[in-house]
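Work through the following exercises with the model open beside you, and try each task before reading its solution.

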Amino acid sequence: TRGMELEPELLLQEARENVEAAQSYRRELGQRLQGLREARRQIKESASQTRDVLKQHFNDLKGTLGKLLDERLVTLLQEVDTIEQETIKPLDDCQKLIEHGVNTAEDLVQEGEIAILGGVGEQNEKLWNFTKKASHIQLDSLPEVPLLVDVPCLSAQLDDSILNIVKDHIFKHGTVASRPPVQIEELIEKPGGIIVRWCKVDDDFTAQDYRLQFRKCTSNHFEDVYVGSETEFIVLHIDPNVDYQFRVCARGDGRQEWSPWSVPQMGHSTLVPHEWTAGFEGYSLSSRRNIALRNDSESSGVLYSSAPTYFCGQTLTFRVETVGQPDRRDSIGVCAEKQNGYDSLQRDQAVCISTNGAVFVNGKEMTNQLPAVTSGSTVTFDVEAVTLGSTNNNEGGNVKLRVTISSNNREVVFDWLLEQSCGSLYFGCSFSYPGWKVLVF
């Protein structure tokens, strides 16, 4: 009977598991349907937008071409008017001359006929006057009238070559791309920042510059955050657990205009931003407290992070924005705990690099050195716990960490023994002279 009781139990268990599996399967399918809906929406919306852009552009072109043709027509009509006016004027002058001659001749004919009618007798006086008058007028001088071959005969010369040229250009004008030439490849969260990486997806496209924009998802407009030839950029001033959208476009070789934008990608950082400790004499901080500047104050000591926000397995980055006079006691690095009373991280339970490139582990200088730190230098720390297999990692409370420090394309890797296990570390810096400015992310 025991076996009989078990069977229904097992069946029930199996049935429950099947229901759970089906629910989870339904959920998965639901998510895929949502994905399909979004894909469909992207195609439909971008197609509709592209149609509107094309119609608007070609309408504008039509308008502009119409205006240009109208302007040309006006210019040519003015040329016709000018030629007509200039060449009609001498004809008018000639006409006036001839009309004057006709009037004179008519008067003479009238006067002469009256004189002749009077006969030779008492009209002698009239005949005499008329003859005298006629001899003064040159009745044989005729003005020159131009021949038709010598006066303008206007015409317009128009050929169709312009149509062929324009037709060729119009048929090549504009293209429709099914996707933008660049896309965002990955977003990597950092404390207080997000690294954005993008890549070219169109092999025929040669990019000269890229342009990255971002916005909070609650904001309506994107803002430029990077323009240049690199294919990755760290966007700083990112608030933790807030969604941001990123998009990128490119400019072709020797071109003025930017390509269409990539599909916007959403990203956020769950990591708390790294901050320097505020109110420490000797250092001035930026408003977000991620940049520290060594000021003119006489005080010395290590400026620490406000909290142990660096966790093993992450990359901690320091970017030196400006430099001061170097000193061999300078230090940038990480430590297990804040210890006041030291003027440098060149001490026990800390690893650091000096501004001259020397590396210190628990206060001891290593033989391996990195290049000196200059303006624009980036120094990164990668710390990982080392598992020693069968041997006990926490022997006598000691922990072994594998540390990689990179600077100016060189790196040193070494093991660091800590007295106690700790998941998170502080970071810090110390400079003897003013002018050093360090950004941490």
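Predicted model: local features only at pLDDT ≥ 70, side-chain atom pairs only at ≥ 80, totals over all residues.

**Exercise 1. Which residues does the UniProt annotation "domain: Fibronectin type-III" cover, and what are the helix and strand percentages of residues 180-273?**

Solution. Start from the record: the unreviewed UniProt entry places the annotation "domain: Fibronectin type-III" on residues 180-273.

**Exercise 2. Classify the ring pair of Phe214 and Tyr244, and state where in the chain its two members lie.**

Solution. A pair of aromatic rings is described by the distance of the centres and the angle of the planes, so these two values come first. Next, locate the residues: Phe214 belongs to strand S3 (residues 207-216) and Tyr244 to strand S6 (residues 244-252), so that the pair links distant parts of the chain, 30 residues apart. Finally, consider accessibility, where the cut-off for buried is under 20%: Phe214 has a relative accessible area of 11% and is therefore buried, and Tyr244, with 2%, is likewise buried.

**Exercise 3. Classify the ring pair of Phe280 and Tyr283, and decide for each residue whether it is buried or partly exposed.**

Solution. The ring centres of Phe280 and Tyr283 are 6.1 Å apart with the planes at 25°, so this pair is stacked. As for accessibility, Phe280 reaches 27% and therefore counts as partly exposed, whereas Tyr283 has a relative accessible area of 8% and is buried.

**Exercise 4. Which residues form a cluster through ring pairs, and which arginines lie over rings?**

Solution. Follow the ring pairs first: they join Trp198, Tyr210, Tyr226 and Phe233 into a cluster. Then look for charges over rings: Arg247 lies over the face of Phe222, 4.0 Å from the ring centre, and the charged end of Arg347 sits over the ring of Tyr342 at 5.4 Å from its centre.

**Exercise 5. In what order do the 7 strands of the open sheet run, and which are its edge strands?**

Solution. The order is S8-S9-S21-S12-S17-S18-S19, with antiparallel pairing. The edges are strand S8 (283-285) and strand S19 (410-418), each of which pairs on one side only, and the twist averages 20° from one strand to the next. Within the sheet, strand S12 (residues 315-322) and strand S21 (residues 437-440) are joined by 4 bridges, and Val320 has Val438 in S21 as its bridge partner.

Note on methods. Residues numbered from 1 in each chain as written. Heavy atoms only, no water. Phe/Tyr/Trp six-rings, centres within 6.5 Å; stacked < 30°, edge-to-face > 60°. Buried < 20%, exposed > 50% of the residue type's maximum accessible area, 1.4 Å probe, protein only. Lys NZ or Arg CZ within 6 Å of the ring centre and 35° of its normal. UniProt positions renumbered as here; feature names shortened; annotations may be inferred. Pairing = 2+ DSSP bridges. Axes fitted to C-alpha atoms, helices over the stretch in contact; angles between N-to-C directions.
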